[in-house]
Amino acid sequence: MWTGKQRIFSGLMILMLFAWAVNRTEEQTAVAQNYPSHPGFPRFEAGGTITFGSPTIVDINKDGQLDILVPDGHGCVWAWRHTGAVLPNFPLKTGSSCQGTPRISGPLAVGDMDGDGSLEIAAGTRGTGSSPGQRGKIYVWHANGSIAAGWPQEMAWNVQFGSGLPEVLTVAMANVTGDGRVELIAGTSNNASAGGTPQDPTHNLYAFFGNGALLPGFPTQYRRAGIWGFVGLADLNGDGYAELLTGRDHAFVHAYNAQGNPLPAWPVESLVDPNEPDGLFLEFTRDAPSMGDLDGDGDIEIVIAGKVRNPNQNRDVTNSGLLVLQANGQREPGWQVAKLGGAPIHNDFFPTQAPALGDLDGDGDLEIVVGMLDGFIRVYQADGHLMWQYNFAQGHRLFASEPVIGDVTGDGRPDILFGTYSPDNSANAQARLHGLSASGQPLPGFPLTLNHEGQSEKQGLRAAPTLADLDGDCLVEIVAGSQAAVLYVWDLPAAYYPSLMPWPTARHDFQRTGFVGTAVMPTQGTASSAFLNSDYQIYLPWIGNQVCW
C-alpha cells in the first residue's frame, strides 16, 4: 500500500510528466510551424506587384547553381541567386526603368529557342494604348540579358471594337513543328467585345519560330473573344510534337495544329449540360487547360475549369465548373455534365482556375486538383468522382492561386500547396500559403504566414508557388511571389525528389505547357536534353556533379 506522501509524490510526478509532455508537444508544434526563411530572403526589389508570375527556377547562367526568375508589375524580370543576391545583367527591362512601365502579368517561359545550348527567357507585356507601338509585346532575351534577334514582337488589336488595354497574357514553349527546337506560343487580349461581329479581326493566338517569324497559319482568332487566360501545349495525337489548346473569353474550348487549323471536331462548346443548349455555360476568362492521361488508357485528356454564366440571368457568373474532354473533343465518361462548385465569394479579380494533375492516392491514375470561385479546393478522380473538398476561405473573401503538387513532408506522398489572396483586399490579413495532404488534411506547420507584405494595398499570393531544391542541399524549398511584390523562400526539412513533384510550378513546368507527358520538347542537340527530365518536363536542380536521388 502507498502512503499518503507516496501518493502525493506520485501525483506530482504524473502532473510534471503531463506538463512536460504538453510542453514538448507545443515545442514540436512550434518547430513544425516555424519553417525558416531561406537565408537572403525575402526580397523586395520587384516592383508594383507579382500577379500570375509564378517563380521560374533554372540555372540561367550555367554556373551550376539554380537561380530564381520573377516578372513584376513594372515590366521587369528579376533574377536572384539562391543567396538572395541579384544576378548580373538583371533586371531585364521592357521599358526605360523598373518604375512606371506596363506590367508583365503571366509567368515567364524558358527554353532553348535557337539551339545554341543556352536558355532564352520569354515574357508578355501590357500595352498603353491601341495604336501601333503602344500595344502589348512579346519579349525574348538571351540568358546574358540581351534581346534576341527578331524580338520584341507586337500584338494585333481591333482598334474599333477592342475592349480594355492590349495585353500579352500568356507565353509558353514547346516543339510544335517537329523541327527539333521549341517554338514560342502567345495568347493576347485582342477582342471585339465592344460591338464587333464574329467576323471582326481579333487575331490573338500566336506561334513564333525562335527568330520571331510567325508560323504559317498564325495568328488565329475565333469570333470576337480574347485570351485572358493561359494556353496549353500537349501531344494529343501521339505524333511527337505539340498541339495548341486554349480557352477564350466565351463558351468554347479550342485546339489547333501547327498550321493554325482547328483540330477535327474543335472548337468544343462548353455547356454545363449538353442536353440544355440554352442553359448554363462555362466561360474561360482567367483559366487554362491542363492535359494528361488521367486514366492510363494511353490517350490524353484535357481538363479545364471556367466561370459559369447563366444566360437567363443577365449572363451573371453564378458558379464555377470543371470539364474533362477527350482529344477528339468528346466528353470523358463521368464528365457528361460539368462538375460545379458553388456561388462565387466575389465577382471581380478572379483567380486562374488552372487545374493541377497528379497521382495523389497511388493507384496509377491522375487526380485533378482545382481551386474554385466559392473558396474551396476540390480533388476529382479521373472518372469524375469527388474525392474531397477543402474550405480554405472560411467565410472570408479569399481566392486561391493555381495549386502545385509535390512531397514537402518527406513521407513519400504528394502534397498540395497553394496561396490565397483577397480580391477586394478585405481579407488581406488572412492571406496565406496553404499545404494539404493527399487526403485533404492541413499539413503540420501550415498555413505559412506572409509576414512581409507591409502596407501594400494588394497582398497575398495570386501566383502559384514553385517547389525546388534551390541551394543543392537535397531539401525542399518553397518559393512564392506575392501581390505586394515580395519574394518569399522557405526551407523545409523534407528531402527533394523530382519523381515526387508531379506538378511543382504554375502550368506544370517552366515552359508553361500545362502537360503531364513527354515528347513535346526536343530530346537531342539542345540545352533541353541537358536540363530537362522528360518524365516531368521541368528543369532539374543539377548542382555540379552532386545528385540528390
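Buried, in this talk, means under 20% relative accessible area. Keep that cut-off in mind, because the two cysteines I start with both meet it: C76 is buried, and so is C98. One caution before we go on. This is a predicted model.

Let me give you the overall picture. The protein chain has 549 residues, and 59% of them count as buried. Its secondary structure comes to two helices and 35 strands. Now the contacts. Take those between residues at least 6 apart in sequence: 57% join residues at least 24 apart.

Back to the cysteines. How many disulfides does a search of the whole structure find? One. C76 and C98 form it, with their sulfur atoms 2.1 Å apart. The pair links distant parts of the chain. C76 sits in strand 3, residues 76-81. C98 sits in the loop between strand 4, residues 92-93, and strand 5, residues 109-111. The two cysteines are 22 residues apart. What about handedness? The torsion about the S-S bond of C76 and C98 is about -100°, so this disulfide is left-handed.

Stay with strand 3. Five of its six residues are buried, so strand 3 is largely enclosed by the rest of the structure. Strand 3 pairs with strand 2, residues 67-71, through five bridges, and the two run antiparallel. Strands 2 and 3 make a hairpin, with four residues between them. In that turn, G75 has a positive phi of about 70°.

Strand 3 also pairs with strand 4, again in the antiparallel sense, over two bridges. Here the bridge partner of V77 is L92 in strand 4.

Between strand 3 and strand 4 there is a loop, and P91 is in it. Look at the peptide bond from F90 to P91. That bond is cis, with omega near 5°. There is also a cis peptide bond between F41 and P42, with omega about 5°. Where is P42? In the loop between helix 1, residues 4-33, and strand 1, residues 56-58. For context, most peptide bonds are trans.

Four strands, in the order 5-6-7-8, with antiparallel pairing. Which strands stand at the edges? Strand 5 and strand 8, residues 153-154. Each has a single partner strand, so one side of each is left without a neighbour in the sheet. Strand 5 is joined to strand 6, residues 120-124, by three bridges. Within that pair, V110 stands opposite I121 in strand 6.

Now strands 10 and 11. Strand 10 covers residues 183-188, and four bridges join it to strand 11 in an antiparallel run. The bridge partner of A186 is Y206 in strand 11. Which way do the side chains of strand 11 go? In a regular strand the side chains alternate between the two faces of the sheet. In strand 11, residues 205-208, L205 and A207 point one way, while Y206 and F208 point the other way. All four are buried.

Most residues other than glycine have a negative phi. Q394 is not a glycine, yet its phi is positive, at about 50°. Q394 lies in the loop between strand 24, residues 386-391, and strand 25, residues 399-400. Buried or exposed? At 55% relative accessibility, Q394 counts as exposed. The second one is N425. Its phi is near 70°, again a positive value in a residue other than glycine. N425 lies in the loop between strand 27, residues 415-421, and strand 28, residues 432-436.

Last stop, the largest pocket. How much space lies in it? About 930 Å³. The lining takes in 41 residues. Which of them lie nearest its centre? W228, D249, E283, T285 and K307. By class, the lining has 13 nonpolar, 14 polar and 14 charged residues.

To recap. The search of the whole structure gives one disulfide, and it is left-handed, given a torsion of about -100° between C76 and C98. Strand 3 holds C76 and pairs with strand 2 and with strand 4. The largest pocket has 41 lining residues. That is the tour.

Methods:
Residues numbered from 1 in each chain as written. Predicted model: local features only at pLDDT ≥ 70, side-chain atom pairs only at ≥ 80, totals over all residues. Heavy atoms only, no water. Disulfide = S-S within 2.5 Å. Buried < 20%, exposed > 50% of the residue type's maximum accessible area, 1.4 Å probe, protein only. 1 Å grid on protein atoms, 1.4 Å probe; cavity = no way out; pocket = protein on both sides within 12 Å on 5 of 7 lines; lining within 4 Å. Points joined across faces, edges and corners; volume = space filled by probe spheres on them. Nonpolar A, V, L, I, M, F, W, Y, C, P; charged D, E, K, R; others polar. Pairing = 2+ DSSP bridges. Contact = heavy atoms within 4.5 Å.
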